[in-house]
Amino acid sequence: MNNASSPTPQSRTRLLRRFAQAGVACVPLLLGGCSFFSPIPEPRGSLIEKTDYAQLVPGTSTRSDVLDLLGSPTAHATFDDNTWIYVSMITSPTPLTFPSVKKQQVVVLNFDNGGVLRKMDTLSKKNAMYVGMVGAKTPTPGTSSSILQELLGNVGRYNPMSGMSSQFGGSTGPMGGQGTGNGGAGNSLP
């Protein structure tokens with residue numbers, strides 16, 4: 001005798017298949033948080049190592065020594081060509097926003113007018129200052145118009161025949177209302 005409340009072997013098999021399919025469908029969601037899928041860090045800027053700039057000696061190293069060891073600088077100071085700046089950072093892409101900075105290093109070299117290194121500073125991410133965006137709006141002169149006004153605002157303003165006489169649809173020609181010829185009559189080649 002088969003009891004109506006107990007499942008049959010076929011229904012148990014179907015039920016187990018559905019659980020297995022649901023489990024397979026959830027695997028990508030569970031693996032989404034694993035470090036295997038984490039973004040790959042990207043190096044940016046002048047990739048300099050401490051061993052490279054540790055060879056520089058203030059008072060004896062010259063600009064050519066610096067160029068040989070570190071290469072050309074990332075930037076010069078705005079009003080002083082004797083200050084060279086090397087910036088390197090490792091960033092990690094972040095979805096829907098700017099990349100996040102994982103590691104940052106700035107080497108600032110100051111030279112005298114003779115090209116000899118006088119001072120060397122190294123800065124890291126902890127020395128950085130966050131500069132936030134200002135949420136205020138800059139006012140613009142003029143009138144504010146909607147998108148529809150912008151799209152339809154120039155309809156009827158351009159008339160290629162406006163430079164011709166009234167015979168061709170223009171009001172006044174470039175000669176002050178005299179027209180621009182005889183309306184096509186007599187304009188044939190000899």
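**Close-up 1. Asp 112 and Arg 118 form a salt bridge.** Their closest N and O atoms are 2.8 Å apart. A salt bridge here is a side-chain nitrogen of Lys or Arg within 4 Å of a carboxyl oxygen of Asp or Glu. Side chains of opposite charge can pair when their charged atoms come close. Asp 112 counts as partly exposed because its relative accessibility is 21%. Arg 118 is partly exposed too, at 48%. (Buried means under 20% relative accessible area, exposed over 50%, and partly exposed in between, with a 1.4 Å probe and protein chains only.) The model is predicted: local features need pLDDT of at least 70, side-chain atom pairs count only at pLDDT 80 or more, and totals for chains, interfaces and linings use all residues. Residues are numbered from 1 along each chain as its sequence is written, and side-chain values use heavy atoms, leaving out hydrogens and water.

**Close-up 2. Lys 119 and Asp 121 form a salt bridge.** Here the closest N and O atoms are 3.7 Å apart. Lys 119 has a relative accessible area of 45%, so it is partly exposed. Asp 121 is partly exposed at 28%.

**Close-up 3. Glu 42 meets Arg 44 in a salt bridge.** The N to O distance is 3.0 Å. Glu 42 is partly exposed, with 34% relative accessibility. Arg 44 is partly exposed at 39%. The whole structure holds three salt bridges.

**Close-up 4. Thr 83 sits in strand β3.** This strand covers residues 80-92. (Strands are DSSP runs of E, at least two residues; helices are runs of H or I, at least four; both are numbered from the N terminus.) Thr 83 counts as buried because its relative accessibility is 11%. Its side chain makes a polar contact of 3.0 Å with the side chain of Asn 110. (A polar contact is a pair of N or O atoms within 3.5 Å; within protein, one must be able to donate a hydrogen and the other to accept it, and residues adjacent in sequence count only if both atoms are side-chain atoms.) Leaving aside neighbours within four places in sequence, Thr 83 is in contact (heavy atoms within 4.5 Å) with residues including Ala 75, His 76 and Val 108.

**Close-up 5. Asn 82 also lies in strand β3.** Asn 82 is buried, at 14% relative accessibility. Beyond its neighbours within four places in sequence, Asn 82 is in contact with residues including Arg 63, Phe 111 and Asp 112.
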